[in-house]
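Subject: Structure handover

Hello,

Here is the structure for you to look at. Please open it first, then read my notes below.

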Amino acid sequence: MSLRATCPRMRKVIEVRKEMRSGYAACSPVTVKSGDRFIPTRAGSNWSINFHYANENCWSPNQNQRAKDASTDTGKDAVAYAALLRNELLGAGIETVPDPHTDDRRHTILMQDTHSLFRYTIHTKRVPSDSEISPYSLSPLSNKSHKLLRSPRKPARKISKIPFKVLDAPELQDDFYLNLVDWSAGNLLSVGLGACVYLWSACTSQVTRLCDLSVDGDSVTSVCWNERGSLVAVGTHKGFVQIWDAAGGRKLTSLEGHSARVGALAWNGEQLSSGSRDRVILQRDVRTPPPMERRLQGHRQEVCGLKWSPDHQHLASGGNDNKLLVWNSSSLLPVQQYSDHLAAVKAIAWSPHQHGLLASGGGTADRCLRFWNTLTGQALQSTDTGSQVCNLAWSKHANELVSTHGYSQNQILVWKYPSLTQVAKLTGHSYRVLYLAVSPDGEAIVTGAGDETLRFWNVFSKTRCTKESKSVLNLFTRIR
């Protein structure tokens, strides 16, 4: 008789050991058969693979260049073709051709998730209705693609890269701190050339000399029209501010108070603000005797930029001390001070579209455009332009602005705000583009440079932008 038959306890131990061996073998990784990939079984389901691009800020230079070329006809055709392919291959359901310059273009063409390259979704099968696909249609395209192809195409924005007029401007000074060109509401262009101020009519192309300061041994350092276009203020190298009647060609008054040249002027109704190398800003009412003035002292170096806000409540000033100051009409001290620029701040422009939005540009060591919310005192955004920012001006009809530049590219750039997309780049001046003025209709600009030329460009559209933010959270559209 065997041991297994005679010892029940031994048989039980042997059976337990066999069970343990079989359990170890079942759990052992050696016995599991596996491949290099996992392919799930999904019978009767449809898969869509969505390709996601990286964020715009991470685009390569070639992709950035393709984005800039999207405003051309070829670029827009490529956008429409890409949307058509997405409809047919991925079922994106795009019905209108997206605008490549709008802020939400990533949401209309591209998907919002930018963290993964692929995303798998399961769509349940359903029978299309008669309104979507006609059973008699011979076209291989879907109904969404037909709507895409029939959608109205926005006319291409074409900005001529050649000026439509060029005028000679002998003795136009190549000085960053001066403001020698301004365009009036009456379509008269005032230009300071040496010791003289000349008026050029955009209607008749007639040129007249308004004044000559050489008899006093002085020279012109700034010019500025009032809002009605009847009076022109002339700042001089000796620190005087003269008020001239353009229609009558006569000097109305000469204001003293500055001890150095007056390089910046800004009208606010009947009040005139002047900034000088003596670091002082003077505000005077031209209807009152000269002793009536307000002295604003906040800059430590020459004041080279002055602009009043569209609501006539705040004055922005820029100086060679790299400071941007904001003043109100009652205080003698600045209510806001911005010190982010690393060079002189001459380029200043208030937005006519968003209340409290201020743009500024820095000199050679800074080269940045910066935007400020003066309602809250916060910095909004900035971009490096690559060269000295000399002037800024907003479009009167669209949310765009133009900047002129000096060292080292001497270019003119048109920007779309708030995306800060470059709409156009214009070149032609061989020196720094130090002077800028916008036409009364808001369509054309004139630029001046040390190459002693004035160049006229058509850069802005007359069509007023109808897209405005209605959100109650938008501080720019709220009345305080």
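Ser317 has Leu325 in E18 as its bridge partner. Strand E17 and strand E18 (residues 324–328) pair in the antiparallel sense over 5 bridges. Two terms need their rules. Strands are DSSP runs (E, at least two residues), and they are numbered from the N terminus; helices are runs of H or I with at least four residues. Two strands count as paired if DSSP finds at least two bridges between them.

A word on the source. This is a predicted model, in which local features need pLDDT of at least 70 and side-chain atom pairs count only at pLDDT 80 or more, while totals for chains, interfaces and linings use all residues. Residues are numbered from 1 along each chain as its sequence is written, and side-chain values use heavy atoms, with hydrogens and water left out.

**Around E17**

The hairpin of E17 and E18 has 4 residues between the strands. There, Asn322 takes a positive phi near 70°. On the other pairing, strand E16 (residues 303–308) joins E17 in the antiparallel sense over 5 bridges. Trp308 stands opposite Leu315 in E17. E16 and E17 also form a hairpin, with 5 residues between them. His312 in that turn has a positive phi of about 65°.

Is E17 buried or exposed? In strand E17 (residues 314–319), 5 of the 6 residues are buried, so the strand is largely enclosed by the rest of the structure. Buried means under 20% relative accessible area, exposed means over 50%, and partly exposed is in between (1.4 Å probe, protein chains only).

**An open sheet**

Next, look at the open sheet of 4 strands. Its order is E3-E30-E29-E28, with antiparallel pairing. The edge strands are E3 (165–168) and E28 (433–438), and each pairs on one side only. Strands E29 (residues 444–449) and E30 (residues 453–458) pair in the antiparallel sense over 6 bridges. Val446 stands opposite Phe456 in E30.

**Salt bridges**

Side chains of opposite charge can pair when their charged atoms come close. A salt bridge here is a side-chain nitrogen of Lys or Arg within 4 Å of a carboxyl oxygen of Asp or Glu. How many salt bridges are found in the whole structure? The search finds 13.

Take Glu302 and Arg261. Their closest N and O atoms are 3.0 Å apart. Glu302 lies in the loop between strand E15 (293–297) and E16, and Arg261 in the loop between strand E11 (250–255) and strand E12 (262–268), so the pair ties together parts that are 41 residues apart in sequence. Glu302 is buried at 7% relative accessible area. Arg261 is buried at 7% relative accessibility. A network of salt bridges links Asp175, Arg261, Arg277 and Glu302.

Arg287 and Asp285 form another salt bridge, with the closest N and O atoms 2.9 Å apart. Arg287 is exposed at 61% relative accessibility. Asp285 is buried at 17%.

Arg250 and Asp245 also meet through their side chains, at 3.9 Å from N to O. Asp245 is buried at 16%.

**Asn179**

Finally, find Asn179 in the loop between E3 and strand E4 (181–183). A polar atom of the Asn179 side chain lies 3.5 Å from the backbone oxygen of Cys304. Asn179 touches several residues beyond four places away in sequence, including Thr221, Gly263, Lys346 and Tyr435. Touching means contact, with heavy atoms within 4.5 Å.

Best wishes

Methods:
Polar contact = N/O pair within 3.5 Å; in protein donor to acceptor, adjacent residues only side chain to side chain.
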